[in-house]
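The exercises below are meant to be worked through with the sequence and the coordinates open side by side. Try each task before reading its solution.

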Amino acid sequence: MKGGSAMKSREKRKDVLLKLEKFGRELCEQIEKGSFPHITMPSRSIENIFYNPDLRQYVLGNKTVRRSAGNIRHLRPFTHLVWMAYFTHELTTNQKTSTLRDVFYSAQAYDISFQDQDESDSIITDLETVLGYTREDFNVFPEESSAVFGDLTIEYTVPNYEGKRLNLTSHPDGVMIGPALTSADFVETSADKVIAIEKGGLFTRFIEERVHEKFNAILVFLRGQAPRSTRYFIRRLNQELGLPVYIFTDADPWGMHIAMVIISGSANAAHVKELTTPDAKWAGVWASDIVNYKLPNDKLEDVDIKRLHELMRDPRYKGEIWQREINLFMKNQRKCELEAFSRYGLTHIVDAYLPQRLKEVGDYGE
Amino acid sequence: MNEKSENLYVIRIEDNGSGIPADFVPLAFCQFLFSSKYKLKQSRGTFGLGGTMTILYGQITTNKPVKVISSTGTSKIYEYTLMIDIERNRPVILDRRVRENENKWHGTIVEVYVEGDYYKAMPKILEYLRQTAIVNPYASITFVDPRGRLYKFERTVSVLPPQPKETLPHPHGIDVETMYRIIRVTSCKTLLDFMQKHFHRVGKSIAKNFLRFAGFPEDADPKKLKPEEIVNLVQAMKSFEEFLPPDAGCLSPLGENLLKAGVLKELEPEFVAVSQRKPSAYSGHPFIIEVGIAYGGKIPTSEDILLYRFANKIPLVYDESGDVSWKIVKSINWRNYGLTSGMPFAVLVHICSTKIPWKTVGKEMIADRPEVSREILNGIREVARQLDIYLSKKEKAKREKARLSIFAKYLPKIAEFSAKLASRDTPNVDELLRRLRRLEGG
């Protein structure tokens with residue numbers, strides 16, 4: 001188990017650097033030949049995003065776009081892209097990381113001005129598309145971080161911590177899933193499953209109630225829509241350690257979609273792969289649970305219903321359980337939060353619901 | 001100009017013109033309707049009223065005589081002190097002196113006392129002088145005002161517009177009174193001769209056709225026509241359509257070069273376009289419209305359109321809103337020419353005619369004659385189009401410059417960061433920039 005991921009991440013880093021250097025070399029050659037520097041990359045427009053049932057995620061089609069520095073409309077974003085390539089090459093070479101916000105400010109030191117962070121974020125997405133790697137692969141991370149807790153020993157690969165080990169039960173609040181953890185090697189674990197939870201309150205409750213011991217689980221706190229590094233981390237837990245993943249969210253279309261993005265990815269990230277965990281399972285809270293467990297609930301609002309209609313047509317939601325739950329939501333017109341279980345005492349969810357549900361979902365297939 | 005006491009001024013005007021023959025001086029300055037026109041040519045005044053009116057005004061407000069000094073460049077300079085005998089419309093010579101003209105000076109000097117309020121009139125006076133300088137760019141004008149301030153409008157050209165030729169009156173423009181005057185002095189014995197001799201562009205065959213049309217025998221003696229026959233003849237002249245249009249040789253327009261020079265000199269714009277329209281005529285009176293448009297530079301921005309009006313090289317500074325040019329300028333959709341109010345531009349309209357179509361006796365407004373307003377409108381359109389083209393080109397050049405500067409800013413950065421990425425020397429983007437510049441040139 002040990003060493004595999006470190007090797008992989010080193011190779012990946014090398015490949016990222018090579019691709020960035022190749023990008024720069026091509027532009028130089030174009031200029032030297034007397035043509036305006038240009039690049040052709042996959043189009044991310046909505047017509048070029050397709051659902052691939054085999055990969056169980058969205059992918060980009062064959063359409064490409066050409067960006068040329070000879071076109072005044074492309075010139076500025078093109079310059080941004082080249083600078084971004086240069087900047088992330090520096091980051092990756094020096095094994096430094098940067099947040100999206102950092103990147104936005106760093107640009108100013110090079111007399112490259114982004115209007116706002118949205119602009120720099122979108123250039124980062126361009127670079128992902130050009131390279132076919134995620135921003136985490138070239139050391140750019142989002143601000144928000146989620147956390148993990150459980151019996152998993154990791155070994156850091158980042159500078160100054162190389163070789164240091166940590167057991168992820170060592171901190172009662174969990175360990176932040178940041179760049180260092182994402183790139184760490186997995187050394188050993190006694191867990192046999194991963195339980196991912198949308199909300200922080202419940203994550204803490206689970207730790208307090210020792211769910212990780214009672215259910216032999218690694219607990220992941222998603223903090224709403226999970227950041228990419230967390231999705232990547234969950235994927236690694238699933239693929240490298242072979243652990244099944246169970247996701248718990250609020251019982252509403254938004255919670256359902258949090259689970260879906262971990263399983264099948266988002267359309268926004270159709271240009272990147274290796275972020276999804278196709279075998280992860282949405283374990284609750286379901287529309288049917290609201291009735292079966294007599295949970296306190298709210299009426300669906302108009303936006304919820306609109307969202308349900310959208311999900312119903314979404315190819316990712318073809319599976320039986322999804323269609324069943326969407327229809328139930330529509331039929332009952334009710335939704336509820338994870339915390340609704342507290343209506344029956346703080347430990348009810350852990351004592352009654354969780355064992356029952358894990359037993360059930362262990363069997364269900366897509 | 002000097003203030004002698006409160007509201008009493010002495011105005012001294014001097015030119016270096018041809019001077020006035022000594023014997024004509026009293027009549028020229030102190031008798032109304034001195035000129036009697038049988039022939040026509042464009043001139044600043046019509047009846048010789050303006051100068052005499054000023055002297056009369058000075059006399060009735062101050063009871064002081066006028067002093068006129070003139071020489072035609074002979075060995076003598078004549079100096080008159082004159083008053084007007086108002087009842088008899090005759091000059092009264094109070095004093096007459098003759099001096100030696102050692103330097104062969106020629107010109108005229110008039111010194112007249114008037115009552116007035118310079119400070120109130122000052123803006124209009126200065127504006128009048130400035131506008132006079134616009135349409136007389138070959139003249140140097142110097143004005144010392146009662147405050148002792150010197151205003152100089154220097155000439156920038158030394159060519160004069162061609163002198164107008166005297167012409168006969170056009171039959172379409174004849175009135176009964178003029179007809180009487182011509183009959184009184186004619187030596188012709190037959191109407192056929194009379195028509196050819198006294199009217200503009202009337203030859204033998206046209207005269208014959210006309211007399212047949214009017215129902216007069218060719219050999220009728222003009223001096224024996226009865227009053228009602230004269231009226232009939234005049235009316236027939238107005239309605240006969242085969243007369244040739246008047247020739248504009250009697251007009252003295254400024255010409256495009258001089259108008260342009262005047263505008264450049266006094267308004268100092270960034271751009272000027274001028275146009276002289278082809279001669280036209282209304283009611284037998286030939287006229288030429290000259291228009292100009294000036295943009296930018298020292299032209300002020302104003303909420304309303306800046307309009308300069310001129311008639312026979314004289315600025316019209318009063319009653320703007322009643323003038324046909326104002327009406328036309330306001331009717332134009334300036335947006336079609338890329339102009340909006342608040343942009344710095346001025347429109348100039350100059351009408352030259354043997355008979356300016358005044359709207360009122362005040363001689364400050366041009367009347368809305370269809371022939372005249374058509375020429376003004378088309379003239380303004382023409383120069384406005386030229387300005388539009390200029391502004392579009394300027395805007396385009398500005399855009400191109402901005403475009404180039406964007407390339408000049410970003411291409412080197414692309415080269416720099418690409419080179420750093422690839423660990424090689426920064427490629428030179430000058431050739432790419434040069435190519436962009438060439439593209440824009442073409």
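Predicted model: local features only at pLDDT ≥ 70, side-chain atom pairs only at ≥ 80, totals over all residues.

**Exercise 1.** Are H2(A) and H4(A) roughly parallel or roughly perpendicular to each other?

*Solution.* Step one is to locate the elements: helix H2 of chain A spans residues 72–93, helix H4 of chain A spans residues 117–131, and they pack at an angle of about 70° with their axes 9 Å apart. Step two is to apply the cut-off, by which angles of 65 to 115 degrees count as roughly perpendicular. H2(A) and H4(A) are therefore roughly perpendicular to each other. Step three is to find the residues that meet: H2(A) contributes Pro77(A), His80(A), Leu81(A), Met84(A), Ala85(A) and Thr88(A), while H4(A) contributes Ile123(A), Ile124(A), Asp126(A) and Leu127(A). Sorted by class, the residues of this contact are seven nonpolar, two polar and one charged.

**Exercise 2.** Work out which residues of H6(B) are buried, and where they lie around the helix axis.

*Solution.* Start with the helix itself, which covers residues 204–214 of chain B and has Ala207(B), Phe210(B) and Leu211(B) as its buried residues. These cover an arc of only 95° around the axis, which puts them on the same side of H6(B). An α-helix has 3.6 residues a turn, so residues three or four places apart point the same way. Next, look at the other side of H6(B), where Ser205(B) and Arg212(B) are exposed. The partner of the buried residues is helix H5 (191–198) of chain B, against which they pack. Finally, the residue that follows H6(B) is Gly215(B), which has a positive phi, near 80°.

**Exercise 3.** Identify the residues that touch the most other members of the largest nonpolar core.

*Solution.* This core has 68 residues, and Val194(A) and Leu219(A) are the ones that touch the most other members. Helix H9 of chain A, residues 253–264, supplies the largest share of the core, namely seven residues. The contacts of Val194(A), leaving aside residues up to four places away in sequence, include Ala217(A), Ile218(A), Ile234(A) and Tyr246(A). A second, separate core has 50 residues, among them Val324(B), Ile356(B), Val383(B) and Leu387(B).

Definitions and conventions
Residues numbered from 1 in each chain as written. Chains lettered and ligands numbered in written order. Axes fitted to C-alpha atoms, helices over the stretch in contact; angles between N-to-C directions. Helix = DSSP H or I, 4+ residues; strand = E, 2+ residues; numbered from the N terminus. Parallel < 35°, antiparallel > 145°, perpendicular 65-115°, else oblique. Contact = placed C-beta atoms within 7 Å. Nonpolar A, V, L, I, M, F, W, Y, C, P; charged D, E, K, R; others polar. Core = buried A, V, L, I, M, F, W, Y, C linked by C-beta atoms within 7 Å. Buried ≥ 20, exposed ≤ 12 C-beta atoms within 10 Å, placed from the backbone. Arc of directions from axis to C-beta.
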